[in-house]
Amino acid sequence: MRMRNRDWWPEQLEVDILDQNARDVDPMGEDFDYAEAFQSLDLDAVKDDIEDVMTTSQDWWPADYGHYGPLFIRMAWHSAGTYRTSDGRGGAAEGMQRLPPLNSWPDNANLDKARRLLWPVKKKYGRSLSWADLMILAGNVAIESMGAKTFGFAGGREDAFAPDESVDWGPETEMEASERVPEPGQISGDLGATVMGLIYVNPEGPDGNPDPDLSAKNIRESFSRMAMNDEETTALIAGGHTFGKVHGAADPDEHVGPEPEAAPMEKQALGWESDYESGKGGDTITSGIEGPWTQSPINWDLEYVDNLLDYEWEPEKGPGGAWQWTPTDESLHGSADPAHGDDPETPMMLTTDIALKRDPDYREVLEEFQDNPMAFGMAFAKAWYKLTHRDMGPPERFLGPEVPEEDMLWQDPLPDRDYELVDDDAVAELKSELLESDLSRSELVKTAWAAASSYRDSDKRGGANGARVRLEPQRSWDVNEPAALEDALETLEGIQTTFNESRSDGTRVSLADLVVLGGSAAIEQAAADAGYDVEVPFEPGRVDASEDQTDVDSFEALEPEADGFRNYLGEDLDRRHEEVLVDKAELLNLTAPEMTVLVGGLRALGATYDDTDRGVFTDDPGTLTNDFFTTLLGMDLEWEPTSDAKEVFEGYDRESGDLEYEATRFDLVFGSNSRLRTVAEVYAADDGEEKLVQDFVDAWHKVMTNDRFDLE
């Protein structure tokens, strides 16, 4: 095996995750417009084609009950279920289930068959229907085909063509191991699932221990990290387990071959080949757990809820060697329709199912569903819609005739604009007002950055649009310096009020637009003082959201643990500061050069947390120069850490020994990391300052408009 740089230096900073935001691996070409192509589809015809595939059993992979619906629901669920609120990563939006590691996770065993079954549909519609959209649509069609209602479907998910290397899937070195749960009900860091290679939790119970009480704690923690409350969690599990069965005809450790990424070439990326009997149909091995949940596994009904609540269950090892639960009442034995052949089956339950019955809060929801089947159906439909659309961002990105008219709070809705936008003359007037106010350039820049940098490209949340920086929880985040932010917002709101009241032509400026415009004006003036005439592009049209349109608890997940762009160190980080910086840059959809120039420019502008001098390597803060890079890359200073933690450093003049500057790891990484130093050298060169100014403006504008989906 060929050694790579990271094999030699495993502690090397992974700057290359930012290359994902720069490289073009999409074979569709720059001129291809997926939204336009998707809108040209006859969605009813596509659904008919999916229905035909779903109800036509294939000999090479026979359908349970003659219907692939349960398999397609599992595929869709597992495509979407990787989403986690902590960093917005995972989810269905890019069809990542086709790529490693997800295509080879144990929890996705045999879902490669589901995608191969759908290939005729994908082949027919080609570029107009992404795999990401097709997998979710197939799940919806399956639910409808088996008698349940769906809440809606939105297209617009563009496929990825390379794995997302920015996602931290966990510290384990083996699949189905768990080193992330310090105690039941807790998961370390940003992770969503409790076990490596599983979507949520171990169905047998924590670490294979069939303890429903411990399992309930894991379920609640995992599903809450994936944006689901107790009702939604119960609805999803109960609704999903109404359909289909699990497969454990024999022990997978003894009979099942390698996953797709390790499968031999002749298998053409089909994994998990089984040598047990026929290896398919009634001999299928997936999880190692065997049996259906209900008597009629391809019909929407209350049988799952009734079986779980009305009967007693006891743990036993099934034929696959895994823990599962069997009914103590013999009336359920042999009561379920056979998946293959003529022999009826006996319903079973997972430890995670019994957990819903034992936990008082989950049980209360189950009992409500049992008393009101219509409420169960609606709760499942809405939870399924949220599950499969959670990572798509605001509803303006949603495409197709089945998009619901109702906006959900989890979609971070925005109000409709009912006023005329400012024109160029009004923008110029407002810039003058902003620059003549009592706000400094750094304050204007920091306020704009605080608003816009909350954006996450992973799930298209956050950003300046909505002016949620003035609402809870963002206005109280420590990184945003709440007291200083309050003063800045008060001044900006005063300018907004004065301007809006002075206009009789229906023209108004939103606070969201004014915040961004303030940063633009400050940058233009800072560049002018450095001798460069630049204009920061500005597109009005942002609106101001209300508290009622803001889910405070949900937005807490967007609070940065540290911010290298503002030199905010944060507390109790579980990774190096420079790694947090790169991770934040990736979420902002930045490349390595864009990250570099933004840090250097913000330092020159003095836009640092708490107005500290850390990293402000200039005698003229507030002027957009390349001083940060020239000072950092020169040999005049010798750096010494101020503590064993090596988070803060002091720079001493090599000749005089005088203390000149203070810096953090966020600063020094641009001189210590070889890749970042090569970029920094471009801006530090004698002819680099003009390029820095222009590149800074371009990168700044990108951050300010990341959430402007209305401009696309």
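Arg503 forms a salt bridge with Asp505, the closest N and O atoms being 2.9 Å apart, where a salt bridge is a side-chain nitrogen of Lys or Arg within 4 Å of a carboxyl oxygen of Asp or Glu. This is a predicted model, in which local features need pLDDT of at least 70 and side-chain atom pairs count only at pLDDT 80 or more, while totals for chains, interfaces and linings use all residues. Residues are numbered from 1 along each chain as its sequence is written, and side-chain values use heavy atoms, with hydrogens and water left out.

Asp505 counts as partly exposed, at 44% relative accessibility; buried means under 20% relative accessible area, exposed over 50%, and partly exposed in between, computed with a 1.4 Å probe on protein chains only. The structure holds 44 salt bridges, and side chains of opposite charge can pair when their charged atoms come close.

| Salt bridge | N to O distance |
|---|---|
| Arg503 and Asp505 | 2.9 Å |
| Asp87 and Arg84 | 2.9 Å |
| Glu232 and Lys386 | 3.2 Å |

The side chains of Glu232 and Lys386 meet in a salt bridge, and this pair links distant parts of the chain, with Glu232 in helix H8 and Lys386 in helix H13, 154 residues apart. Glu232 is buried, with a relative accessible area of 16%, and Lys386 is buried as well, with a relative accessible area of 9%. Salt bridges that share partners join Arg84, Asp87, Arg89, Asp190, Glu561, Arg575, Asp583 and Glu586 into one network. Within this group, both Asp87 and Arg84 are buried.

Helix H8, which holds Glu232, spans residues 230–240 and is mostly covered, since nine of its 11 residues are buried; helices (H or I, at least four residues) and strands (E, at least two) are DSSP runs, numbered from the N terminus. Among the buried residues of H8 are Glu232, Leu236, Ile237 and Gly240. The buried residues of H8 pack against helices H4 (69–80), H7 (212–225), H10 (303–310), H11 (351–358), H12 (360–371) and H13 (373–389), where contact means heavy atoms within 4.5 Å. At the start of H8, a side-chain oxygen of Asn229 reaches to within 3.1 Å of the backbone nitrogen of Glu231.

Helix H11, one of the helices against which H8 packs, contains Ile354, which counts as buried at 2% relative accessibility. Leaving aside its neighbours within four places in sequence, Ile354 is in contact with Pro212, Leu308, Trp313, Trp325 and Met349.

Asp107 lies in the loop between H4 and helix H5 (111–125). Asp107 is buried yet has no salt bridge, and the nearest side chain of opposite charge, Arg74, is 5.3 Å away; in this count Lys and Arg are positive and Asp and Glu negative, while His and the chain ends are not counted. Apart from its neighbours within four places in sequence, Asp107 is in contact with Arg74, His78, Gly197, Leu198, Ile199 and Tyr200.

Turning to the strands, S3 (residues 313–317) and S4 (residues 323–327) run antiparallel and are joined by five bridges; two strands pair if DSSP finds at least two bridges between them. Glu314 has Thr326 in S4 as its bridge partner. S3 and S4 form a hairpin with five residues between them, and Gly321 in the turn has a positive phi of about 85 degrees.

S6 (residues 648–653) is joined to S7 by five bridges, and Phe649 stands opposite Ala663 in S7. The hairpin of S5 and S6 has six residues between the strands, with Lys646 in the turn at a positive phi of about 50 degrees, whereas the hairpin of S6 and S7 has five residues between the strands, with Gly657 taking a positive phi near 80 degrees.

How values were computed:
A polar contact is a pair of N or O atoms within 3.5 Å; within protein, one must be able to donate a hydrogen and the other to accept it, and residues adjacent in sequence count only if both atoms are side-chain atoms.
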